[in-house]
Amino acid sequence: MTPSARVQAAIELLDAIIASARDGGPAADTLIARYFKERRYAGSRDRRAVRDHVYDAVRRVAERPESGRAAMVGLARERAELAALFDGSAHGPAPIVDGEAGAPAGIVPGWIEPLLAAPVERDALLGRAPVDLRVNRLKADPDRVAQHYPEAARIAGLPDALRLPEGSPVEQSDPWKWGQVEVQDAGSQLISAACNAAPGMTVIDLCAGAGGKTLALASALGGNGGGKGVLIAADTIRSRLARLDPQAERAGATFIETLLLDQGHEAGALESLNGRADIVLVDAPCSGTGTWRRNPEARWRLTPARLDRLVAEQARILDFAAPLLAPGGALVYAVCALTDREGRDQVRAFLERHDGWAVERIEAAMGRAHGDGLLLTPGHDGTDGFYVARLRRTV
Ligand SMILES: C[S@@+](CC[C@H](N)C(=O)[O-])C[C@H]1O[C@@H](n2cnc3c(N)ncnc32)[C@H](O)[C@@H]1O
């Protein structure tokens, strides 16, 4: 492909990404993979160049742009070498005309800006993410594993975490192949650690997804030859839970039980567990505003109506989670979101709806106290953004 044809390909892909964001369709990565599957003539350098154009354009624009061309023209207005490729050549984009509007640059969509928690450093929301690893204590010891990654840094307060530079090819390393490490953002690791799971406990990961945090909980229950316990991973999406099985196998965490819930009928399916859990983790569905550095296109998907639906669903999940706890048990609520409605205010509203709960401070070397919980941000902590709170059932 010529350099101009790569720009045109990026424009076409951006059109597809914009439509998909508007209609709730597949993610940008999926669309890019499909695009190249149908265009075998594109070599690996073409694919890399097109992908870079696409993500540079996506990262640059906060609000969903009108068109792929507007997104690329906006980028070209800041890069003369890119503008020169709008040359009207056979497979390239038409020349930029005088006065042609490019999409404006921005980080946070205007409507979300006032909803973000005040301490959040807006400028850092799209920074580059390092590669964080979590050592799986079911199979390995962190000090030993660290020897395989001489470039790794330890992370204060997270003894199982190793931090590698952005783009490190972890999946080619032996510890990864042997199931001794998982790739997991340090913020996610902190949330599992905040559960304080210990051998012998009954733990329910109520919004387990593909089990990123379930595996960390398994490591805490069964690591160091521990006595394990009961660990239930529940979710409403079958395909996500199905992805957990092979990962659990690889990690040696075969004692995890999975439970598929029917949306709207969760309480019935969970009834036999009422009053039995030492820990329930609610890693709730959320706006993902804390993960924009990995999913910059998520900014184009969120709408006020979708945020309202998420906030209502989070409250509903908390309400059917609460009866699962044994007296003295802990409900850990987390979102990878930085809006107060999903974090601080959601927890406060739960405490106002339910008697018999006490807030427990989360002892952590990162994050900042915010309301009844802890706020983690890319700017302050170098992690994805999270809000997490720990509530103890007192009666
Ligand atoms: C933030 S994701 C979980 C990520 C996962 N815990 C991890 O660490 O990889 C939220 C999950 O909640 C699930 N979910 C949504 N509504 C739910 C409900 N009513 N009950 C249980 N899970 C639900 C979604 O399917 C999604 O997998």
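Reply: Some questions and answers on helices and annotated residues follow. The model is a predicted one, in which local features need pLDDT of at least 70 and side-chain atom pairs count only at pLDDT 80 or more, while totals for chains, interfaces and linings use all residues. Residues are numbered from 1 along each chain as its sequence is written.

Me: Are α1 and α2 parallel, antiparallel, perpendicular or oblique to each other?

Reply: Helices here are DSSP runs of H or I with at least four residues, and strands are runs of E with at least two, numbered from the N terminus. Axes are lines fitted to C-alpha atoms, for helices over the stretch in contact, and angles run from 0 to 180 degrees between N-to-C directions; the axes of α1 (residues 3-23) and α2 (residues 28-37) come within 10 Å and cross at roughly 140°. Angles under 35 degrees count as roughly parallel, over 145 as roughly antiparallel, 65 to 115 as roughly perpendicular and the rest as oblique. The two helices, α1 and α2, are therefore oblique.

Me: Which residues of α2 make the contact with α1?

Reply: Two residues are in contact if their C-beta atoms, placed from the backbone, lie within 7 Å. On the side of α1, the contact is made by Leu-13, Ala-16, Ile-17 and Ser-20, and on the side of α2 by Ala-28, Leu-31, Ile-32 and Tyr-35.

Me: Is Cys-336 buried or exposed?

Reply: UniProt, in an unreviewed entry, places the feature "active site" at Cys-336, and such annotations may be inferred rather than shown by experiment. Cys-336 lies in the loop between β9 (325-335) and α13 (344-353). A residue is buried if 20 or more other C-beta atoms lie within 10 Å of its own, exposed if 12 or fewer, and partly exposed in between. Because Cys-336 has 28 C-beta neighbours inside 10 Å, it counts as buried.

Me: Is Asp-262 buried or exposed?

Reply: For "binding site", the unreviewed UniProt entry lists Asp-235, Asp-262 and Asp-283. Asp-235 is in strand β6 (residues 230-235), and with 24 C-beta neighbours inside 10 Å it counts as buried. Asp-262 is in the loop between β7 (256-260) and α11 (266-270), and because 9 other C-beta atoms lie within 10 Å, Asp-262 is exposed.

Me: How many of the nine residues of α4 are buried?

Reply: The buried residues of α4 (residues 68-76) include Gly-68, Arg-69 and Met-72, and what covers the buried residues includes α1, α3 (44-60) and α5 (80-83). Helix α4 is largely enclosed by the rest of the structure, because its buried residues number eight of the nine.
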